[in-house]
Amino acid sequence: MHRHRELCERAVDPLEIAAGLEAHGLTDRTAARYRHRDVFSLAEELYARVPGSVRRPVDPPPPRPGRDTEARAGWTLLALLPGAACLATVGLLRATEGVLGGSARSVVTGAGALLVVLALRACLRRGPLRAESRPIGAATVYGCWLIGYAMYGEGLLAQVMSGGPDGSWAGDPAPLLGLALAVAPAAWCAHLFSVHAHRKLAGSHALEEFGAGVRPVLLGTVALFLCALLVLLALAGLAYGGGVPVAATALGVLFFLARLLTVHGFPEQATTGLAAACAVEAAAPALILAGRLPGLDSLARPVDAFVAAAGTGAVPTLACGAAALGLLIHAAVALSRASAHATARAETK
């Protein structure tokens with residue numbers, strides 16, 4: 001009680017103390033040393049032992065539906081900006097096809113890409129996708145790699161396998177368009193998950209009860225985002241005469257889970273998932289090139305066999321799909337802890 005006195009003083013219910021103890025690494029085994037069956041039982045005793053005159057109860061602020069609606073409208077508008085910027089760029093390139101030269105089209109493409117990046121940065125600084133402000137780090141680099149591979153990776157791998165690379169290769173802008181449009185449903189899915197998780201937290205009487213209630217919410221949120229992502233990628237594919245890119249679908253789910261973990265305080269795990277996907281994508285062409293060296297042809301055989309059986313798109317699908325599955329399993333454990341939600345930042349700030 002003395003060690004965690006500050007936590008006990010400011011807590012407004014036992015579950016908040018339990019979440020704080022859990023965040024400090026206390027487990028049910030630790031609680032058993034104090035003759036309690038679990039962390040929540042220990043938290044109830046700590047809550048009861050702190051004098052009422054010391055604890056500072058905080059009354060919940062009165063509901064302000066007008067302000068909440070304005071805040072939601074604000075971050076929703078920001079979430080729509082990346083898709084709008086991408087659509088505007090694609091539309092301008094289509095409208096000026098055959099009119100602008102190659103250099104002018106490159107300038108338009110570069111300006112559009114810059115607008116998308118700035119819009120995405122603004123979206124990630126406010127609303128449900130907001131996390132602690134960090135300098136540009138490894139996660140940003142990995143994300144840029146994955147997006148670049150989604151556009152140009154299959155063409156590069158095909159050239160490497162055919163004896164190249166030689167010359168330039170065409171990119172596929174459909175995945176980028178679909179992913180940019182998916183930022184808005186990602187923000188709303190993250191918002192819904194946060195709202196339902198806090199409701200479960202308020203209505204739960206034990207940590208196990210909260211964990212069992214929040215896992216279906218997480219799976220439902222991911223499924224909802226997946227459905228929206230498939231629709232948007234299908235529309236983007238139709239705009240370019242193609243179907244739904246499976247690799248881009250896996251990449252979108254990977255990005256969503258990585259951001260969800262980052263928002264709730266697990267950025268290292270999110271970065272690890274992105275790094276794993278990048279490593280697999282980079283290994284495929286690297287092994288093919290290494291197999292050209294004398295005596296190392298066996299290195300390229302697994303990639304040759306895999307691509308021959310499933311196509312060049314199977315490499316990013318495997319990389320992003322496996323990483324997304326790993327993050328989903330981790331999220332099912334990490335986000336079912338009360339400590340991942342008790343101190344979450346307000347979405348409207």
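Contact here means heavy atoms within 4.5 Å. Helices (H or I, at least four residues) are DSSP runs, numbered from the N terminus. This is a predicted model, in which local features need pLDDT of at least 70 and side-chain atom pairs count only at pLDDT 80 or more, while totals for chains, interfaces and linings use all residues. Residues are numbered from 1 along each chain as its sequence is written, and side-chain values use heavy atoms, with hydrogens and water left out.

**First selection: residues 267-290 and 314-334.** These are helix 12 and helix 14, which pack at an angle of about 160 degrees with their axes 9 Å apart. Axes are lines fitted to C-alpha atoms, for helices over the stretch in contact, and angles run from 0 to 180 degrees between N-to-C directions. Helix 12 is therefore roughly antiparallel to helix 14 (an angle over 145 degrees).

Which residues of helix 12 meet helix 14? Display Gln269, Ala270, Gly273, Ala277, Val280, Glu281 and Ala284 in helix 12; their partners in helix 14 are Val315, Pro316, Ala319, Cys320, Ala323, Leu327 and His330.

The axes of helix 11 (residues 246-263) and helix 14 come within 8 Å and cross at roughly 30 degrees. Helix 11 is therefore roughly parallel to helix 14 (an angle under 35 degrees).

On helix 11, display the residues that meet helix 14, among them Val246, Leu254 and Leu261. On helix 14, the residues that meet helix 11 include Thr317, Gly321, Leu328 and Ala334.

Notes: Helix = DSSP H or I, 4+ residues; strand = E, 2+ residues; numbered from the N terminus. Parallel < 35°, antiparallel > 145°, perpendicular 65-115°, else oblique.
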